Amino acid sequence: MYITRRERFSASHRLINKEISPEENKKLFGKCYNPHGHNYEIFITISGEINEASGMIVDLKDLKKIINDKIIIKIDHNSLNEVDFMKNKIPTTENLCIQIWHELKKPIQSLGGKLYKIRINETENNYFEYFG
Ligand code: NI
């Protein structure tokens with residue numbers, strides 16, 4: 001069985017590789033080298049067996065709290081370049097998926113579920129999925 005929780009957040013980012021020159025960054029990232037923002041949607045999918053006592057895989061209010069405390073509070077209305085778990089990463093949505101996976105994996109295990117997928121919609125046309 002799978003359940004998915006959706007959250008929304010708005011964040012800015014600037015794609016920059018600190019190992020290379022500004023000119024090379026401009027060439028590599030184009031207009032994404034300029035600070036800009038997105039209204040992101042994130043879908044966190046959990047797999048697991050149904051707990052007989054509760055009839056649930058995990059309690060969604062506990063899942064919501066973990067996602068909020070570990071992720072949303074840190075990234076909403078913030079710059080992804082400044083977020084602690086994105087330090088030293090180019091703040092692409094690919095890297096954001098991977099870092100969020102690392103932040104959520106253990107807390108979700110402690111609820112009795114297994115993190116199955118992180119999906120992030122960056123724009124209407126682009127979304128990213130990570131399965132660990
Ligand atoms: Ni962007």
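Which residues does lysine 74 touch, not counting residues up to four places away in sequence? Select lysine 74 and you'll find Asp69, Val83, Asp84, Phe85 and Glu103, where a contact means heavy atoms within 4.5 Å.

A quick note before moving on: this is a predicted model, where local features need pLDDT of at least 70 and side-chain atom pairs count only at pLDDT 80 or more, while totals for chains, interfaces and linings use all residues. Residues are numbered from 1 along each chain as its sequence is written, and side-chain values use heavy atoms, with hydrogens and water left out.

Next, show helix α2, residues 60-75, which is where lysine 74 sits. Helices (H or I, at least four residues) and strands (E, at least two) are DSSP runs, numbered from the N terminus.

Then bring up the sheet: five strands, open, in the order β3-β1-β2-β4-β5, with mixed pairing. Two strands pair if DSSP finds at least two bridges between them. At the edges are β3 (78-79) and β5 (127-130), each pairing on one side only.

Zoom in on β1 (residues 2-13), which runs parallel to β3 and is joined to it by two bridges. Pick serine 12 there, and its bridge partner in β3 is serine 79.
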